[in-house]
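Morning, everyone. I have one structure to walk through today. Please look at it on the screen first.

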Amino acid sequence: MFSKHKILLSLILCSCLFVSGFAHATWAGRFLIGAEGGLAYRDADLNYDILHPVPNRSTHLIRPNNDTGFMAGILGGYELTCNDYFGSLELHAHWEDFGDAHTFFYNDVLTNGYAGSATYERGAVFGLSTRLGYHLTPWMGAYIRLGAETSRDKIIFQSTRVVPAGPVINLHHSEQVFRFLGGFGFQWPVLKQATVRLEYNYASRVKVSTSGFASDNLIFYSAHVRPLQHGIKAAFVWYFG
């Protein structure tokens with residue numbers, strides 16, 4: 001059994017060691033701004049349904065609606081370092097140069113033939129995230145990123161019955177969506193006040209849908225896309241303050 005005096009002595013010793021370690025920690029903070037750019041791949045399937053009133057039957061189809069393209073943007077925030085550890089809170093905005101129309105042909109359950117196209121567009125992206133990292137060497141740091149971002153996304157779905165010739169459908173819908181942002185990266189100092197980053201990002205799935213009647217006001221269509229996005233980007237970051 002430990003005596004009360006031994007327990008008290010142990011607590012005092014641990015407290016002294018903790019205070020000593022905290023006192024020797026070197027804390028520093030500074031603001032940052034930067035520019036970034038890279039490549040992104042959007043993994044998405046177009047799901048669409050056709051409801052035929054006469055006879056009362058429906059068609060469900062799934063087609064790939066993937067996109068690849070460039071993205072570029074700006075960032076800013078504040079970074080705090082403690083010895084070899086670092087962390088930052090950052091705001092970013094970027095724009096994506098992809099979202100082409102995907103054309104396709106299909107048949108419904110009544111063997112009618114259709115020509116269609118689908119487009120998924122993402123507006124300007126704004127995000128807030130935090131980085132937590134560690135300097136592996138004096139010239140390289142590794143970190144993870146966690147946060148969220150938002151954008152106004154739009155789905156466009158068009159279809160025409162061509163065999164036999166029939167009604168057309170033109171649907172579109174846009175909405176503000178929010179998604180989880182995660183990733184990891186590495187950074188290297190290039191100047192006394194600057195670093196270069198290389199980073200992978202993951203943006204979680206969101207669902208954007210649209211629906212409506214064809215031009216004959218009888219056939220009803222609905223379509224949705226739930227894209228998942230991967231990105232690789234490089235950034236130049238300048239520190240001040």
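Predicted model: local features only at pLDDT ≥ 70, side-chain atom pairs only at ≥ 80, totals over all residues.

Now the overall shape. A compact globule of 241 residues would have a radius of gyration near 18 Å. This chain has 27 Å. Along the principal axes, its C-alpha atoms fill a box of roughly 90 × 55 × 25 Å. Of the 241 residues, 42% are buried. Take the contacts with a separation of 6 or more: 70% of them come from residues 24 or more positions apart. The chain exposes about 13,500 Å², with 67% supplied by carbon and sulfur atoms.

Four strands make up an open sheet, in the order 3-2-13-12, with antiparallel pairing. Which strands stand at the edges? Strand 3, residues 57-64, and strand 12, residues 208-213. Each has a single partner strand, so one side of each is left without a neighbour in the sheet. On average, neighbouring strands here are turned by 10 degrees against each other, direction ignored.

Look at strand 12 again. Six bridges join it to strand 13, residues 220-225.

Last stop, Arg197. This residue sits in strand 11, residues 194-203. Is Arg197 buried or exposed? Buried: its relative accessible area is 2%, and the cut-off for buried is under 20%. The Arg197 side chain makes a polar contact with the side chain of Glu90, at 2.8 Å.

Terms used: Residues numbered from 1 in each chain as written. Heavy atoms only, no water. Pairing = 2+ DSSP bridges. Helix = DSSP H or I, 4+ residues; strand = E, 2+ residues; numbered from the N terminus. Axes fitted to C-alpha atoms, helices over the stretch in contact; angles between N-to-C directions. Buried < 20%, exposed > 50% of the residue type's maximum accessible area, 1.4 Å probe, protein only. Polar contact = N/O pair within 3.5 Å; in protein donor to acceptor, adjacent residues only side chain to side chain. Rg over C-alpha atoms; globule rule 2.2 N^0.38 Å. Contact = heavy atoms within 4.5 Å. Areas by Shrake-Rupley, 256 points an atom, 1.4 Å probe, with all protein chains shown as cover.
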